[in-house]
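Biologist: Hi! Could you walk me through this one?

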Protein chains: 2
Amino acid sequence: MTKNNFQNILVPLDGSKYSEKALERACEFVGAFGSTLYLIYVVEKSIPVNLLDRKEYLELLQKFGNNILNKAKIKLSKKGINAKTILKEGNISNEIEKVAKKENCNLIIVGNKGLGTVSRLILGSVSSKISQSSSCSVLIVK
Amino acid sequence: MTKNNFQNILVPLDGSKYSEKALERACEFVGAFGSTLYLIYVVEKSIPVNLLDRKEYLELLQKFGNNILNKAKIKLSKKGINAKTILKEGNISNEIEKVAKKENCNLIIVGNKGLGTVSRLILGSVSSKISQSSSCSVLIVK
C-alpha cells in the first residue's frame, strides 16, 4: 500500500454513539486506503468535581476510558483491523492534537456530538474546537 | 458499486488553493468509494459593495464562479472523473446546505480556509459554519 493522505487516522472515543459512528467510518477508510487507526480516550482533568472525591473520580474515568478502548479494539479485531489504543489525561482537544502530531496523523475522525463528560452539555464543542485548531484534516461524522 | 457512506460528495469551490486541495481529496474518495462529485460555487449576495455597481459586481462573480467550475470539471475529466457543477447565489453556507440536501450528499469536503470573498478575512468561518450546521458529515481539509 503506497503512502496516502489518509495513512494514519486518529479516532477520539468517549463511549457515545457519536464516536461509535466515527469509528465505523474509520473502518471504511481502513478498507479503502489501508489506513492505520489510533484510538484515543482522554480523561478530562479540568472537570470541576464537587460531589465526588476528585482522585476517585479520575480513577473511575480512567477505568471507563480503558474499557471503551479495549471494547473498540476487540470490535475492530473481529473485522481483521488492528488499532493502537492511547489513554491520556488532560484537556480533550489539546491531548487529541498532541497525539495527532506525535503519530503523524493526517486525519482525525470525530463524532459530531459527545466527547467530554461535562462538555456533553455544550454539544459538539470539542469537535468544532478540534476542527479549528488541528493541523491535520478533520472529518466530522454526523 | 454498492451504496456507501461516501456516495454523493459536495465540494464547494472558491478558486482558492484550499478548495483545490479539498477537490484533490475528493478525487481520492472517487477512486476509493466510487463517489459522485458535485461541485458548487456560491455567488455571495450579502456582500456590502460600495465601490462598484452591485449588479455589475454580481455578474463578475458569476463569471468567475462559472470559470472555476468549468476549470475544475475539465481537470477532473482528464482524470476520468465526471462531476456535476452547480452555480448558486445567496448566503454561502445556506446554499451549500440546501444543495447537499437536494442531491442527497452524505459528505461535504471543504477547505479549511477561503470560501467567500469578504469572509476570506474571517478565515475558516464558512467551513466551521458548514461543519456545525450541516446535516451530513463534513471533511475539513488542511
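Modeller: Strand β1 (residues 8-12) of chain A pairs with strand β2 (residues 36-44) of chain A in the parallel sense, over five bridges. Strands count as paired if DSSP finds at least two bridges between them. Helices (H or I, at least four residues) and strands (E, at least two) are DSSP runs, numbered from the N terminus.

Biologist: And which residue of β2(A) does Ile9(A) stand opposite?

Modeller: Leu37(A). Before we go on, this is a predicted model: local features need pLDDT of at least 70, side-chain atom pairs count only at pLDDT 80 or more, and totals for chains, interfaces and linings use all residues. Residues are numbered from 1 along each chain as its sequence is written, while chains are lettered from A and ligands numbered from 1 in the order in which they are written.

Biologist: Thanks! What is the strand order of the open sheet?

Modeller: The ten strands run β3(A)-β2(A)-β1(A)-β4(A)-β5(A)-β5(B)-β4(B)-β1(B)-β2(B)-β3(B), with mixed pairing.

Biologist: Which strands stand at the edges?

Modeller: β3 (83-90) of chain A and β3 (83-90) of chain B; each has a single partner strand, so one side of each lacks a neighbour in the sheet. On average, neighbouring strands of this sheet are turned by 20° against each other, direction ignored. Axes here are lines fitted to C-alpha atoms, for helices over the stretch in contact, and angles run from 0 to 180 degrees between N-to-C directions.

Biologist: What does helix α1 of chain A touch?

Modeller: Helix α1 (residues 17-33) of chain A packs on the sheet, touching β1, β2, β4 (107-111) and β5 (137-141) of chain A. Its direction makes about 145° with that of β4(A). Contact means C-beta atoms, placed from the backbone, within 7 Å.

Biologist: Switching topic, at what angle do the two α4 helices pack?

Modeller: Helix α4 (residues 125-133) of chain A and helix α4 (residues 125-133) of chain B pack at about 155°, with their axes 11 Å apart. That makes α4(A) roughly antiparallel to α4(B), a label for angles over 145 degrees.

Biologist: Which residues make that contact?

Modeller: Ser128(A), Ser131(A) and Gln132(A) from α4(A), and Ser128(B), Ser131(B) and Gln132(B) from α4(B).

Biologist: Last one: what rotation superposes chain A on chain B?

Modeller: A rotation of 180°, with 0.0 Å of shift along its axis and an RMSD of 0.0 Å. The two copies are thus related as by a two-fold rotation axis. The superposition is by least squares on the C-alpha atoms of residues with pLDDT of at least 70 in both copies. In chain A, the C-alpha of Leu139(A) is nearest the axis, 2.0 Å from it.

Definitions and conventions
Contact = placed C-beta atoms within 7 Å. Parallel < 35°, antiparallel > 145°, perpendicular 65-115°, else oblique.
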